[in-house]
Amino acid sequence: MQPEFKIYGQTLNSRLILGSALYPNPALMQQALQQSGCEAVTLSLRRQAPEQQGGEQFWQLIRDLKLRLLPNTAGCHSVQQAVTLAQMSRELFQTNWIKLELIGDDYNLQPDPILLLQAAEQLLADGFEVLPYCTDDLVLCKRLYELGCKVLMPWAAPIGSGLGVLNPYALRTLRERLPDATLIVDAGLGLPSHACQVMEMGFDGVLLNSAVALAKDPVLMAQAFSQAVAAGRSAFLAGAMPKQDFASPSTPVLGMPFWLQEAQ
Amino acid sequence: MAEVTDTTVNIWLNGKTEILNSSQLSDLLPRFKAPFAVALNGRFIAAAQYPEIALKAGDQLDIVSPIAGG
């Protein structure tokens, strides 16, 4: 029996988590989320502008989908900002889950490892179930895990870049060194093959947004990612053959016609 | 926007200056559509606390609602 995919004790039947941003329109977002089979979706909080319409429609669409909500702290640059936004999210979305994002550089939106540890410690002490968006740095991930973050979300590449896995060694090492952590690759994936690659490495899940939302056909791409994640997971469980630098014929050599054995 | 008088309070509301006729947070909130959450001077204010909050000049009030996110 395959081990279940759990986030802080909650079982999810899909190992794909999608974001809700950047879709061409709300209807396509809804269809893409439905067709992906995902059971959790990320979303955020921003200042309400009463003169702007559309916020209520988004909230209604998300609620209608009946998915688990994973609010983020995107855009936060300080521990206090992230903690306050997390507390606001908990009240509004009625969940202890928080995708903790703390940006350390505005060019590549790289997470700030020092602030991330400080904020994670505060939020865990306040009862949150923290899912930190982090780099693939092994020591940072170990520290976050030791603090009590049971789920870690290392990047594959910068958010929205679609570059795929920039450092496969680092991700493989994370999986190797943190065998009991729930590891979800978050950010930087552009193609279903990227998702399949990290699932083949043994990652527990994949979180992405832009690769689906910015595809020419987001609904079809959502399905493609769903299949890729499932295929990668099956491949990991199946166990890959060992690599070698030389060829081995797959068809038996014995009995090959046309060969003549030299007389001794 | 109201004129500044002895009874008005000038605050930052969602990043913009705002002159309020009442200092009570609960008098301001009906302008906003649920669901929303509130922070005052960068700190979370739980819904149960709204009736107790009196705003002071220069306070920074943030009222946020759900949006799409990745």
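Helices here are DSSP runs of H or I with at least four residues, and strands are runs of E with at least two, numbered from the N terminus. This is a predicted model, in which local features need pLDDT of at least 70 and side-chain atom pairs count only at pLDDT 80 or more, while totals for chains, interfaces and linings use all residues. Residues are numbered from 1 along each chain as its sequence is written, and chains are lettered from A and ligands numbered from 1 in the order in which they are written.

H3(A) is mostly covered, with 12 of its 15 residues buried, where buried means 20 or more other C-beta atoms, placed from the backbone, within 10 Å of a residue's own. A:Gln94, which follows H3(A), has a positive phi, near 55 degrees.

Turning to the annotation, the unreviewed UniProt entry lists A:Lys99 for "active site", though such annotations may be inferred rather than shown by experiment. A:Lys99 lies in strand S6, residues 97-100 of chain A, and is buried because 27 other C-beta atoms lie within 10 Å. Leaving aside neighbours within four places in sequence, its contacts (C-beta atoms, placed from the backbone, within 7 Å) include A:Thr42, A:Asn72, A:Tyr133 and A:Met153.

Key. Two residues are in contact if their C-beta atoms, placed from the backbone, lie within 7 Å.
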